[in-house]
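Trainee: I would like to learn how to read a model like this one, feature by feature. Where do we start?

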Amino acid sequence: MKKGDMRHGTFTPAFKGNYPLCLQAIAGQRIQWQYMGESTMPPLGTRLFMAMSDNKLLQEQKYWVLEDAIEFDNYN
């Protein structure tokens, strides 16, 4: 996977409270995610994704999510 690649998946965090409210609002929704690179902080090497949705706050804040909080579609 290279930076900028897109995948569809559902945001399924173990603890929603660990995320900002704008990310909590999309929990359980299937949306498109853009690969942003690998984490340089622990857990090292974990892939990071940014939500691609019509949520204005998400677009402005550009929060990155660890891949283990996203359940990706198998076919994408």
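Mentor: Start with contacts across the sequence. This is a predicted model. Among contacts in the protein chain between residues at least 6 apart in sequence, 46% join residues at least 24 apart.

Trainee: Which secondary structure elements does the protein chain have, and what pattern do they follow along the sequence?

Mentor: The chain has two helices and five strands. Read along the sequence, they give β-α-β-β-α-β-β. The radius of gyration is 12 Å, close to the 11 Å that the globule rule gives for 76 residues, so the chain is as compact as a globular protein of that length. Along the principal axes, the C-alpha atoms fill a box of roughly 30 × 25 × 25 Å.

Trainee: How should I read the sheet? In what order do the five strands stand?

Mentor: The general idea comes before the case. Strands of a sheet pair through backbone hydrogen bonds, either parallel or antiparallel. Here the five strands form an open sheet in the order E4-E3-E2-E1-E5, and the pairing is antiparallel. E4 and E5 stand at the edges with a single partner strand each, so one side of each is left without a neighbour in the sheet. On average, neighbouring strands are turned by 50° against each other, direction ignored.

Trainee: How many bridges join E1 to E2, and which residue stands opposite arginine 7?

Mentor: Strand E1, residues 6–11, is joined to strand E2, residues 30–38, by five bridges. Opposite arginine 7 stands tryptophan 33 in E2.

Trainee: And what pairs with E3?

Mentor: E2 pairs with E3, residues 47–52, over six bridges in the antiparallel sense. In that pairing tyrosine 35 stands opposite phenylalanine 49 of E3. E3 also pairs with E4, antiparallel, over three bridges. There, methionine 50 is set opposite tryptophan 64 in E4.

Trainee: Where do side chains point along a strand?

Mentor: In a regular strand the side chains alternate between the two faces of the sheet. For a residue to look at, take glutamine 32, which lies in strand E2.

Trainee: Is glutamine 32 buried or exposed, or something in between?

Mentor: Glutamine 32 has 28% relative accessibility, so it counts as partly exposed. Leaving out residues up to four places away in sequence, glutamine 32 touches Met6, Arg7, His8, Met50, Ala51 and Met52. Sequence separation is another thing to check: phenylalanine 15 is 17 residues from glutamine 32 in sequence, and their C-alpha atoms are 21 Å apart in space.

Trainee: How much of the chain is buried, and what makes up the largest nonpolar core?

Mentor: Of the 76 residues, 36% count as buried. The largest nonpolar core has 14 residues, and those with the most contacts inside it are Phe11, Ile26, Trp33 and Val65. Helix H1 (21–24), E2, E3 and strand E5 (70–72) each supply at least two residues of this core. E2 gives the largest share, three residues.

Trainee: What about residues in loops? Are threonine 46 and serine 53 buried or exposed?

Mentor: Take threonine 46, in the loop between E2 and E3. Threonine 46 has a relative accessible area of 13% and is therefore buried, the cut-off being under 20%. Not counting residues up to four places away in sequence, threonine 46 touches Gly37, Glu38, Ser39, Leu66 and Glu67. Serine 53 sits in the loop between E3 and H2. Serine 53, at 17% relative accessibility, also counts as buried.

Definitions and conventions
Residues numbered from 1 in each chain as written. Predicted model: local features only at pLDDT ≥ 70, side-chain atom pairs only at ≥ 80, totals over all residues. Heavy atoms only, no water. Pairing = 2+ DSSP bridges. Helix = DSSP H or I, 4+ residues; strand = E, 2+ residues; numbered from the N terminus. Buried < 20%, exposed > 50% of the residue type's maximum accessible area, 1.4 Å probe, protein only. Contact = heavy atoms within 4.5 Å. Core = buried A, V, L, I, M, F, W, Y, C linked by side-chain atoms within 4.5 Å. Rg over C-alpha atoms; globule rule 2.2 N^0.38 Å. Axes fitted to C-alpha atoms, helices over the stretch in contact; angles between N-to-C directions.
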